Amino acid sequence: MFLRVCCLAAMLVALASPRLAVAQEQSQGWRFTIAPYFLFPHMSGTVAVGPIQTKIETDPGDIFSNLQFGAMLAAEAKNPEWAIGFDGLYMNLGKDGEQFPTKLGGYQAMVELTGFRRLTPFFEVLAGGRLNFMGASFTSPADVKLVDKNRSFFDPFLGARFTIPNTVKWTIL
């Protein structure tokens, strides 16, 4: 239920945020956009650190209560024919043991680079990739790191972006 409320709130904020519509006559120069952003994470699945494996079901409240640091930023440079986009995020989670002096930590970082080619005033094809970095650690009561694992992987992608102008002042993406 909380996830649905968060998604609805995010959609309302996105719809209420004014943006310039794609005009019939686009400027010939480059336009730049930098946008920090925020999301409401929800995780469900199986998590493993080395041979230790468990099922996980967390809502945004669980994640935010263990968040040590997080940052997200998207940027885009575009002209009438081409665009290049960047997206980056980092989050560091940590929790101290409640009954024993143990420490559990984890991080995720992602860097995404995307290239766009405009085919019509409202349609672009895109290609890019995401480089992901993840890690987890577990420290014993004797302050010895029992687990310290890191992993990185690359996700290539292809796609399309449609822009639907509906008024002079608003755009739905």
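A residue counts as partly exposed when its relative accessible area falls between the buried class, under 20%, and the exposed class, over 50%. The model on display is predicted, and the tour below applies that rule at several stops.

**First stop: Y107.** Select Y107 in strand β6, which covers residues 103-120. Its relative accessibility is 27%, so Y107 counts as partly exposed. Keep Y107 displayed, as the next selections lead away from this residue.

**Second stop: M134.** Now select M134, which is placed in strand β7, residues 123-139. Y107 is one of the residues that M134 touches once residues up to four places away in sequence are set aside; the others are Q108, K149, N150, R151 and F153. Which class does M134 fall into, buried, partly exposed or exposed? With a relative accessibility of 35%, M134 is partly exposed.

**Third stop: the aromatic pairs.** A pair of aromatic rings is described by the distance of the centres and the angle of the planes. How many aromatic pairs does the model hold? The count comes to five. Begin with F69 and Y90, whose ring centres lie 6.2 Å apart and whose planes meet at 45°, so this pair is tilted. F69 belongs to strand β4 (residues 67-78) and Y90 to strand β5 (residues 82-96), so the pair ties together parts that are 21 residues apart in sequence. Colour the two residues by accessibility: F69, at 49%, is partly exposed, and Y90, at 31%, is partly exposed as well.

Next, return to Y107 and display it with Y90. These two rings form a stacked pair, with 6.5 Å from centre to centre and 25° between the planes. The pair links distant parts of the chain, Y90 in strand β5 and Y107 in strand β6, 17 residues apart.

Select R117 and W82. The charged end of R117 sits over the ring of W82, 4.9 Å from the ring centre. Then select R161 and F116, where the charged end of R161 sits over the ring of F116 at 4.1 Å from its centre.

Methods
Residues numbered from 1 in each chain as written. Predicted model: local features only at pLDDT ≥ 70, side-chain atom pairs only at ≥ 80, totals over all residues. Heavy atoms only, no water. Helix = DSSP H or I, 4+ residues; strand = E, 2+ residues; numbered from the N terminus. Buried < 20%, exposed > 50% of the residue type's maximum accessible area, 1.4 Å probe, protein only. Contact = heavy atoms within 4.5 Å. Phe/Tyr/Trp six-rings, centres within 6.5 Å; stacked < 30°, edge-to-face > 60°. Lys NZ or Arg CZ within 6 Å of the ring centre and 35° of its normal.
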